[in-house]
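Reader: I would like to go through the terms used for this chain and see what each one rests on. Please set the values against the cut-offs.

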Amino acid sequence: MNYKEAREYIKKASQYGIVPGLDNISNLCDKLGNPQNELDVIHIAGTNGKGSVGAFAEQILIESGKKVGRYVSPSVFDYLEQFRINAENMSEDRYAYYISRISEVADKMTPHPTPFEMETAVAFLYFKEEQCDVVLIEVGMGGREDATNIIPKSLVSVITPISMDHMKFLGNTLEEIAYQKSGIIKNNGLVVTAKQENCVMNVIENECREKNARLIKADSVTEYEISLDGEYQRENAAVAEEVCRHIDGVSENDIKNGLKNTVWHGRFEKICDKPEFIIDGAHNIDVRKGSKKVSKSITAIEKSCI
């Protein structure tokens, strides 16, 4: 199977839709040797800021000299940006190799794994076989029943700001959505959370009590210089900063340099000065409210695209 064929195989599997739950991904990974069990994972859930927190943490960990895997979804500019090691996308040949391996197992399964389940298995295999020191895994949707949540443990469970999104699957209240997202918290684990609404924090605190997990509430904003625009990015940076303080081998200087050197395209990124033109991946009400520098031109563009 070449890259084009591998992509077509995944696209064809979209007929299986979104299927929350861990049974199928557990079965798939078991047949692949459970690569997820051998990874040191920083697991990131939340509604807004998952990608930016991951980008900051990735660069901090790279500054510390670690080999860093990162799995995000969905992609924005290039499909293969979902699977990265030290900020480099997976090659097309490597992707085709993993999909070929997974298809041999998946095609014998009933029900057939979904695209996200197979992509998650690709990430687990890739990071294990490349012997990454630390792996950043971003939840696809929710957390408790998300395919990424088959990892048995995590170095840190990270929860970014939670707001209303994916209500069809996660619930119609903040408390219901927070319950799903806090499901990534592991027994006796470490949890770092961003600032949350009181009702959301209550859910997170209750989950931590039930699982005897240690909860750390990140400072509201970082005091270090950051590379990404937007005041809300200072909040995301503070979360990444706190997370990385609990990873062995990361110095304060690594944190400082990592926050300054982070690159994360397509997140409130200015691509032209005259006229001022900014692109952003805002996709729900809360993240739009957080972009305080949005200009009238962007509002006009946004309206024209609705």
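Reader: Is Leu 80 buried or exposed, and at what relative accessibility?

Author: Leu 80 has 4% relative accessibility. Buried means under 20% relative accessible area, exposed over 50%, and partly exposed in between, with a 1.4 Å probe and protein chains only. Leu 80 therefore counts as buried. This is a predicted model, where local features need pLDDT of at least 70, side-chain atom pairs count only at pLDDT 80 or more, and totals for chains, interfaces and linings use all residues. Residues are numbered from 1 along each chain as its sequence is written, and side-chain values use heavy atoms, with hydrogens and water left out.

Reader: Where does Leu 80 lie, and which residues does Leu 80 touch?

Author: Leu 80 is in the loop between strand 2 (68-71) and strand 3 (83-85). Helices (H or I, at least four residues) and strands (E, at least two) are DSSP runs, numbered from the N terminus. Contact means heavy atoms within 4.5 Å. Leaving aside residues up to four places away in sequence, Leu 80 touches Tyr 3, Asn 89, Met 90, Ser 91, Glu 92 and Tyr 95. Between the C-alpha atoms of Leu 80 and Ser 91 the separation is 7.5 Å, and these two are eleven residues apart along the chain.

Reader: Why are helix 1 and helix 4 called oblique to each other?

Author: The axes of helix 1 (residues 3-12) and helix 4 (residues 92-106) cross at roughly 45 degrees and come within 8 Å. Axes are lines fitted to C-alpha atoms, for helices over the stretch in contact, and angles run from 0 to 180 degrees between N-to-C directions. Angles under 35 degrees count as roughly parallel, over 145 as roughly antiparallel, 65 to 115 as roughly perpendicular and the rest as oblique. Helix 1 and helix 4 are therefore oblique. The crossing of helix 1 past helix 4 is left-handed; that word applies if the near helix is turned anticlockwise from the far one by less than a right angle, and right-handed applies if clockwise.

Reader: Which residues make that contact, and how do they divide by class?

Author: Helix 1 contributes Tyr 3, Ala 6, Arg 7, Tyr 9 and Ile 10, while helix 4 contributes Glu 92, Tyr 95, Ala 96, Ile 99, Ser 103 and Ala 106. They divide into eight nonpolar, one polar and two charged. Here Ala, Val, Leu, Ile, Met, Phe, Trp, Tyr, Cys and Pro count as nonpolar, Asp, Glu, Lys and Arg as charged, and the others, Gly among them, as polar.

Reader: What makes helix 3 and helix 9 oblique?

Author: The axes of helix 3 (residues 50-63) and helix 9 (residues 231-244) come within 8 Å, with a crossing angle of roughly 45 degrees. Helix 3 and helix 9 are therefore oblique as well. Helix 3 passes helix 9 in a right-handed crossing. On the helix 3 side are Ser 52, Val 53, Phe 56, Ala 57, Ile 60 and Leu 61, which meet Gln 233, Asn 236, Ala 237, Val 239, Ala 240, Glu 241 and Cys 244 of helix 9. That contact has nine nonpolar, three polar and one charged residues.

Reader: Why is Arg 245 called partly exposed?

Author: Arg 245 has a relative accessible area of 35%, so Arg 245 is partly exposed. Arg 245 is in the loop between helix 9 and helix 10 (252-261). Not counting residues up to four places away in sequence, Arg 245 touches Tyr 224, Glu 252 and Ile 255.

Reader: How many disulfides are counted, and how do you know that Cys 208 is buried?

Author: A disulfide is a pair of cysteine sulfur atoms within 2.5 Å, and by this rule the count is zero. Cys 208 has a relative accessible area of 4%, so Cys 208 is buried. Cys 199, at 24% relative accessibility, counts as partly exposed.

Reader: What is the phi of Asn 86, and which peptide bond joins Ser 73 and Pro 74?

Author: Most residues other than glycine have a negative phi, and most peptide bonds are trans. Asn 86 is not a glycine, yet has a positive phi of about 50 degrees. At 30% relative accessibility, Asn 86 is partly exposed. Ser 73 and Pro 74 are joined by a cis peptide bond, with omega about -10 degrees. Thr 110 to Pro 111 is also cis, with omega near 0 degrees.
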